[in-house]
Amino acid sequence: VGLREFTFQFKMIARSQRESSEVQQIIKHFREQMYPDVYQIGNADIGFKFPNMFKMTFNYNGVPNRNIPKIHYCYLRTVSTTINPTGGAMRRDGSPNEIDLTLSFVEFKTLNKRDIKEGY
């Protein structure tokens, strides 16, 4: 049984310098969370710590949407950005006008019959 994978795409268009900075922070956050930390002894890296997992829920009118299967905790596998996909103009400070962000996740465990009965 294979692990389920999920991909989510977001189009982010900053309307101000402040929003442009927030978009950059969002992208940096996801990139940092994708990678493992390291165990160190002195100055030597001796192994990797698993990266953080994400819990995703689909809500409708403020409650979990029962029409969409649930997702177990996931690891973030890839972060991909496309800079200015519809044009080449930049903001006055050189930041892009538009960024497409794609996040790919993989569940931490495979499903079984009990998971399906529980809505996964």
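Which residue takes a positive phi in the hairpin of strand 2 and strand 3? Gly42 does, near 65°, and the hairpin has two residues between the strands. Helices (H or I, at least four residues) and strands (E, at least two) are DSSP runs, numbered from the N terminus.

This is a predicted model: local features need pLDDT of at least 70, side-chain atom pairs count only at pLDDT 80 or more, and totals for chains, interfaces and linings use all residues. Residues are numbered from 1 along each chain as its sequence is written, and side-chain values use heavy atoms, with hydrogens and water left out.

Strand 2 (residues 37-41) pairs with strand 3 in the antiparallel sense over five bridges; pairing takes at least two DSSP bridges between two strands. Val38 has Phe48 of strand 3 as its bridge partner. Strand 3 (residues 44-49) lies largely in the open, because zero of its six residues are buried (under 20% relative accessible area, 1.4 Å probe, protein chains only).

Four strands form it in the order 1-8-7-4, with antiparallel pairing. Strand 1 (5-13) and strand 4 (53-54) are the edge strands, each pairing on one side only. Nine bridges join strand 1 to strand 8 (residues 98-107). Phe10 has Leu101 of strand 8 as its bridge partner.

Helix 1 lies across strands 1, 4, 7 (74-83) and 8, at about 140° to strand 7. Such angles run from 0 to 180 degrees between N-to-C directions; axes are lines fitted to C-alpha atoms, for helices over the stretch in contact. Glu19 sits in helix 1 (residues 17-34). A polar atom of the Glu19 side chain lies 2.7 Å from the backbone nitrogen of Arg15. Glu19 also touches Ile13 and Ala14, not counting residues up to four places away in sequence; contact means heavy atoms within 4.5 Å.

Key:
Polar contact = N/O pair within 3.5 Å; in protein donor to acceptor, adjacent residues only side chain to side chain. Buried < 20%, exposed > 50% of the residue type's maximum accessible area, 1.4 Å probe, protein only.
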